[in-house]
Amino acid sequence: MPLPNDASSLSGTLHALTRAISLALEECALTHLPRTSIDLDRARVQHAAYERLLTELGCTVQQLATSPDLPDSVFIEDAAVVLDEIAVITRPGAASRRPETTAVAEALATYRPLRATIEPPGTLDGGDVLRLGRRLFVGASSRTNEAGLAQFRAIVAPHGYTVEAVPVQGCLHLKTAVTAVGDAAVLLNPAWVEAARFARYDVVEIDPAEPFAANALLVGTTVIYPAHVPRTRERLQAHGLDVRLVPADELAKAEGGLTCSSVLFTA
């Protein structure tokens with residue numbers, strides 16, 4: 001079955017690219033959250049737990065190095081969109097993040113043709129791209145602009161993908177507001193994205209007391225989910241979903257979620 005976070009439906013080994021946490025993580029770019037102190041040691045412990053769970057679920061995890069001049073690089077998903085046929089290297093909306101793409105492109109070149117890169121004036125963050133089968137929903141956000149979306153549509157159309165722009169409000173990326181939790185099921189915050197856009201899918205709404213709870217990572221039939229949002233977790237479990245918890249509250253201070261901490265694909 002197609003796996004969200006751009007994991008392929010092709011047979012083979014499930015790979016997860018991750019990236020080490022930068023010493024400069026506290027200097028990360030923030031848009032919707034106030035800047036608060038981040039415990040780097042605790043963040044590393046939580047990130048390691050995330051990588052271990054990916055391994056337990058059958059992924060071959062490859063961690064890329066980082067550096068102090070790349071504070072946001074742990075959120076590796078924003079640097080690329082990997083589809084069955086190609087990898088698209090993005091041009092992040094935050095200029096400080098654009099150097100992150102070089103190492104990601106080099107790693108992905110082993111597994112996919114790098115057919116295209118988003119060019120100026122276009123911007124596109126991988127966290128704005130939600131794949132559901134052959135449909136790609138792209139967030140019209142502060143990080144992804146119309147030029148980037150148009151380029152992305154032109155790149156993927158020859159491979160049989162349709163692209164639908166989705167307005168996002170109140171959060172950084174589309175996948176802050178909605179993620180896949182099943183073959184045809186999504187977890188969604190209706191305050192940040194219009195639920196009607198996903199009417200053809202089985203929609204699970206977050207608990208309103210947990211606005212940042214819509215970011216979940218589906219690996220096979222298992223939903224990896226942050227441990228610090230228990231009310232929405234109960235909704236997912238009541239929906240019959242297999243939920244595995246990881247601690248993720250430290251990286252959440254950097255406006256990051258579970259999907260953005262890896263790039264999944266099959267090869």
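**Exercise 1.** How much space lies in the largest cavity? Determine also which residues line the largest cavity and which helix gives the most to the lining.

*Solution.* The structure is a predicted model.

Step 1. The count comes to 1 cavity of 30 Å³ or more. About 90 Å³ of space lies in the largest cavity.

Step 2. The lining of the largest cavity consists of Gln46, His47, Tyr50, Val246, Pro247, Ala248, Leu251, Gly256, Gly257, Leu258 and Ser261.

Step 3. Helix H1, residues 40-56, contributes the most to this lining, with 3 residues.

Step 4. Sorted by class, the lining of the largest cavity holds 6 nonpolar and 5 polar residues, and no charged residues.

**Exercise 2.** Describe the lining of the largest pocket by position and by class.

*Solution.* Step 1. The volume of the largest pocket is about 440 Å³.

Step 2. In total, 29 residues line the largest pocket, and those nearest its centre are Phe212, Ala252, Glu255, Gly256 and Gly257. Helix H4 (174-177) and helix H6 (249-252) are the elements that give two or more residues to this lining.

Step 3. By class, 12 residues in the lining of the largest pocket are nonpolar, 8 are polar and 9 are charged.

**Exercise 3.** In which sense, parallel or antiparallel, do strands S1 and S2 pair? State also the handedness of the unit that S1 and S2 make with H1.

*Solution.* Step 1. Strand S1 (residues 14-19) pairs with strand S2 (residues 59-64) in the parallel sense, over 6 bridges.

Step 2. As an example, Leu14 has Cys59 in S2 as its bridge partner.

Step 3. Together, S1, H1 and S2 form a β-α-β unit that is right-handed.

How values were computed
Residues numbered from 1 in each chain as written. Predicted model: local features only at pLDDT ≥ 70, side-chain atom pairs only at ≥ 80, totals over all residues. Heavy atoms only, no water. 1 Å grid on protein atoms, 1.4 Å probe; cavity = no way out; pocket = protein on both sides within 12 Å on 5 of 7 lines; lining within 4 Å. Points joined across faces, edges and corners; volume = space filled by probe spheres on them. Helix = DSSP H or I, 4+ residues; strand = E, 2+ residues; numbered from the N terminus. Nonpolar A, V, L, I, M, F, W, Y, C, P; charged D, E, K, R; others polar. Pairing = 2+ DSSP bridges. Right-handed = clockwise from strand over helix to strand, strands pointing away.
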